[in-house]
Structures are given as C-alpha cells and as structure tokens.
Amino acid sequence: MMKKTLLTLTLLASTSIALAQTLATVNGTKIDSKEIDQQIAALKKQSNGQIQDSPELRNSILSRMVVHTVIVQEARKLKLDESKEYKDIVAQAAADASKSGEDKKSGFKQEFEAFKENLLEQAYAVHILQTNPVSDKEVRSEYDEMSKFYKGSQEVQLAEIVTKTEADAQKVLAELKAGKKFADVAKQYTIDEVGKKNGGLHQGYINLKDMAVGAPPLHAAINPLKKGQYTTGALSTGEIFAIFSVQDKRTAKIPPFEQVKDSLTAQLQDQRVNQAIDALMKKATIK
C-alpha cells in the first residue's frame, strides 16, 4: 500500500513538472507555462469563448510577457516601486479591494500582483517621458515632415464586397458589369455583416500615400480608379476575396498644427518609450 502511494505521488509530481515548463528565462527570471495557461483561460472567459487557445496566441502572449518582465525588472532597478505615487496608488487599490470584498475572492493575490506589475510598467513609461520629454520643437518638426509628405496627395473613400470563394467574387463582378449598384450587390453577396447593412461602405477616407506604404497591392488596384469605378478583379488574401469601389476621391487637406498637436505629441511619446524598451531588450539576456 505504501509503495502504491509513493508511486502515485511520484507520477503526480512528474506530471506536474511536465505541465509546468519554463518557456523563457529573462535576466534570470523564469516565465512558466502555467502563466500562459492562466492568461489563455482569462481571455477565453472574457471573450465568451470567441478567443481560443492556439500556438500563435501562446507565442504572442509569451513575447509580450518577455517584454513585460524586462520593463518591470528595470522599473524595480530604478526603484520606481518605492516612489510615493506608486505606493499611494497601490494602497488605495488595496483599500478599495478590502472595502468591496474583492480581496476575499479566490485568485485575488495573484491578480493584485499582476496589477502592481502593470502599474510598474506604466510608471516606467512616465519615468522615460519625464527624464526625456518630447519638446514643442520636435512636435513642430514632425508636423512639417507630415505636411511635406502629404502635400498634393489624394485620399479615397472605399466600399468593399468580401466573398469566401473566387466563384462568388466572379458573380459579384458579373452583377456589377450588368449595371447593378455596388451597394445593392454588396448587401446581397458580402460576408461582412456590417457591409450587408451599409452596402459595404467604409467610414472615413484613406490617403493613397498611406495605402502605397501599408498595402501596395491595394494601392496598385485603387490608384488608377476614378470616383464610381470598381476593381475589375478580386484581390485575395488566400482566404477571402474582395472587390473595391471608389465612392469618393479628393485632394487631401492638411489639418492645422494646433488641431493635430496633441496626437503628434502622443505619437512621439510612444516612439520615445518604445525606443527605451528596445534598448532594454537588446541588453537583456533571454534564453
């Protein structure tokens, strides 16, 4: 009986070891597979099953956790967790949890540790921007570059019909060639639920220069078209097929500086923080 019990315990221990694997080591700190499992479970619950486990999702979460670990390590090295602001926020959050009874729930300790680490990550970003702030001169320079880039450019408003098969895409093209309105054909054929309601119309405009950089095949198909024309072939990603119509085409207007100053500042701040994180990642020992 004792031998059987010992054997059972040994098997359970070996199973636990097999399940809990070290996926990465970041400057000596291990990231365990159980941490990935917990995040996957949380995502599935939050999305009501819309998000499912997959190797791609696990790799994405692991990559994010590696970066997160590096940032938290640096924040602690800088003693940001000892600042009054950080301690005050943590203390207030703990008091709120105690008052609401959240601290009595299962898993609270783990969730609260994650909250504190996420707060440290935010504190690191604030630290970077306080020690190396984005200047008004830099924002103005970014605006001048933007104005130069978009000067004389055009922007389009598109409508789109998406199909699952090339055969359906050819039916769409046949309907359009027969003179049917793009919106009516979209409501009949598109697999996009929003497109079925609004005739495939995209909200807002896309600058053709942005399209040329971000989606060259789409730009090559759209750029020659005039208002009211549509692509004569279906563009495919391998899984879906799409026919586009140019609903409007106009010269792009460059907004005044004051209108975009805040967004440009935020963009440059994001770049500054990302540059600091990239530097940390290059110095980190990741196995």
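The model is predicted. Helix 4 runs through residues 84-100, and helix 6 through residues 136-150. Arg-272 sits in helix 12, which spans residues 257-283. Helix 12 is also one of the elements that the buried residues of helix 6 pack against.

**Helix 4: length and end**

- Helix 4 has 17 residues.
- From first C-alpha to last, helix 4 reaches 24 Å, close to the 24 Å expected at 1.5 Å a residue.
- Gly-101 follows helix 4 and has a positive phi, near 90 degrees.

- Tyr-86, Val-90 and Ala-97 are the buried residues to look for in helix 4.
- These residues lie on the same side of helix 4, because they cover an arc of only 25 degrees around the axis.
- The buried residues of helix 4 pack against helix 5, residues 108-131.
- Lys-84, Glu-85 and Lys-99 are exposed, on the face of helix 4 turned away from its buried side.

**Helix 6: length and end**

- Helix 6 has 15 residues, which should span 21 Å at 1.5 Å a residue.
- The end C-alpha atoms of helix 6 are 21 Å apart, so the span agrees with that expectation.
- Gly-152 follows helix 6, and its phi is positive too, near 75 degrees.

- Val-139, Tyr-143, Met-146, Ser-147 and Tyr-150 are buried in helix 6.
- Their arc around the axis is only 100 degrees, which means that they share the same side of helix 6.
- The packing partners of the buried residues of helix 6 are strand 4 (206-207), helix 10 (208-214) and helix 12.
- The face turned away from the buried side of helix 6 carries Lys-137, Glu-145 and Lys-148, which are exposed.

- Arg-272 has a relative accessible area of 15%. The cut-off for buried is under 20%, so Arg-272 counts as buried.
- A polar atom of the Arg-272 side chain lies 3.3 Å from the backbone oxygen of Asn-132.
- Asn-132 is also among the contacts of Arg-272 once neighbours within four places in sequence are left aside.

Key. Residues numbered from 1 in each chain as written. Predicted model: local features only at pLDDT ≥ 70, side-chain atom pairs only at ≥ 80, totals over all residues. Heavy atoms only, no water. Helix = DSSP H or I, 4+ residues; strand = E, 2+ residues; numbered from the N terminus. Expected span 1.5 Å × (residues − 1). Buried < 20%, exposed > 50% of the residue type's maximum accessible area, 1.4 Å probe, protein only. Arc of directions from axis to C-beta. Contact = heavy atoms within 4.5 Å. Polar contact = N/O pair within 3.5 Å; in protein donor to acceptor, adjacent residues only side chain to side chain.
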